[in-house]
Amino acid sequence: MFPELRMRRLRSGKIRDMVRETSLSVDDLIYPVFVDETIEDVQRTTSMPGVERLPLKMVADDAKQAADLGIPALILFGIPSHKDDQGSSAWGDEDIVQKALREIKAELGKDMLVITDVCLCEYTDHGHCGMVDHETHEILNDPTLPLLGRTAVSHARAGADMVAPSGMMDGMVGAIRSALDQNNFNNVPIMSYAAKYSSAFYGPFRDVADSGCCFGDRSTYQMDPANSDEAIREVELDILEGADIVMVKPALPYLDIIHRIKHEFRMPTAAYNVSGEYAMIKAAAQNGWLDEKKVMHESLLSIKRAGADMILTYFAKDMARMLK
Ligand code: PBG
């Protein structure tokens, strides 16, 4: 006990660095990229300062910049010029994500792991992540599954290194795994958005990705923020269906979930530091209320400390620069 024991002894000088328990590395970062079929020039976004929508022709350059910063992976989101009831622009070989994949792979090959978000919400005219029964407004689970399988296969064919289903349909991981395997993509891993909450923190993303819902909300398929045991069940099922990496989303308001999942399953675990988490820090920093760099670093470090192995974050490039 005090005065013999003094915790402050290890808090200054070199020893402070040596006893540090958690570290953040550029290898932990996944950089989100938005490619927009409807534009010719880069388009800034208002709700997420620093995040841009890119035309196809600029995507490979942007990926190259990320690779030059040492970032190992990016996740691709597409904004199509055509939306319909089924989201059919999600799976064509000549659709926007497939074209962007080929451009990035031609430029970077194995120097960048390219992940694709597999979901229909950016492609459907109603903005939901699945098929809709227009009479009841129900989001239809089972008819959505083959469409997700088809989308994942088209991504793999265009060069995706990993697919990330984010629609929270039951059985989606199994459906995608068997579709990939039947098409000889046994080696393409699945990173499942396994515990994805129905969160108000996705607001800015829906502006950027143009994926807002026109009726209802996503609470019939995304999880209730009040639940934690349910996250365990969701993740367990996704692992049984063949998920290689499991994700918790959002990150900062759900650090307890990240911690539980990591310790329960010992699986490679990803966390999505979502648009609202990013926008809050940006807004406070722009007002001079917070030190942006320090708060970014502390936030990402806390996500790792909770148990995440990798973090999807709009800060990826800034963080990589800071770590250099
Ligand atoms: C769905 C998807 C969403 C996000 C990533 N994938 C939106 C949603 O579920 O409404 C949100 C990411 C963020 O807020 O940064 N395709």
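Predicted model: local features only at pLDDT ≥ 70, side-chain atom pairs only at ≥ 80, totals over all residues.
Figure 1. Arg 53 sits in strand S3 (residues 52-54) and Asp 36 in strand S1 (residues 29-36), 17 residues apart. Strands (E, at least two residues) and helices (H or I, at least four) are DSSP runs numbered from the N terminus.

**Figure 2. Asp 93 and Arg 157 meet in a salt bridge.** Here the N to O distance is 2.8 Å. Asp 93 lies in the loop between strand S4 (73-79) and helix H3 (96-108), and Arg 157 in helix H4 (residues 145-157), so the pair ties together parts 64 residues apart in sequence. Asp 93 is partly exposed at 36% relative accessible area, and Arg 157 is partly exposed at 48%.

**Figure 3. Lys 282 and Asp 318 belong to one salt-bridge network.** The side chains of Asp 318, in helix H11 (residues 316-323), and Lys 282, in helix H9 (residues 275-286), are 36 residues apart in the chain and meet at 3.9 Å, N to O. Lys 282 is buried at 10%, while Asp 318 is partly exposed at 23%. Through shared partners, Glu 292 and Arg 321 join these two in the network.

**Figure 4. The largest pocket holds about 560 Å³ of space.** A pocket is an open set of points on a 1 Å grid over the protein atoms alone, where a 1.4 Å probe fits, with protein on both sides within 12 Å along at least five of seven lines; lining residues have an atom within 4 Å of a point. The volume is the space filled by probe spheres set on the points, which are joined across faces, edges and corners. Of its 14 lining residues, Arg 16, Arg 20, Glu 21, Thr 22 and Leu 301 lie nearest the centre. Helix H10 (residues 292-306) gives the most to this lining, with four residues.

*Notes.* Residues are numbered from 1 along each chain as its sequence is written, and side-chain values use heavy atoms, leaving out hydrogens and water. Local features need pLDDT of at least 70 and side-chain atom pairs count only at pLDDT 80 or more, whereas totals for chains, interfaces and linings use all residues.

Notes
Salt bridge = Lys/Arg side-chain N within 4 Å of Asp/Glu carboxyl O. Buried < 20%, exposed > 50% of the residue type's maximum accessible area, 1.4 Å probe, protein only.
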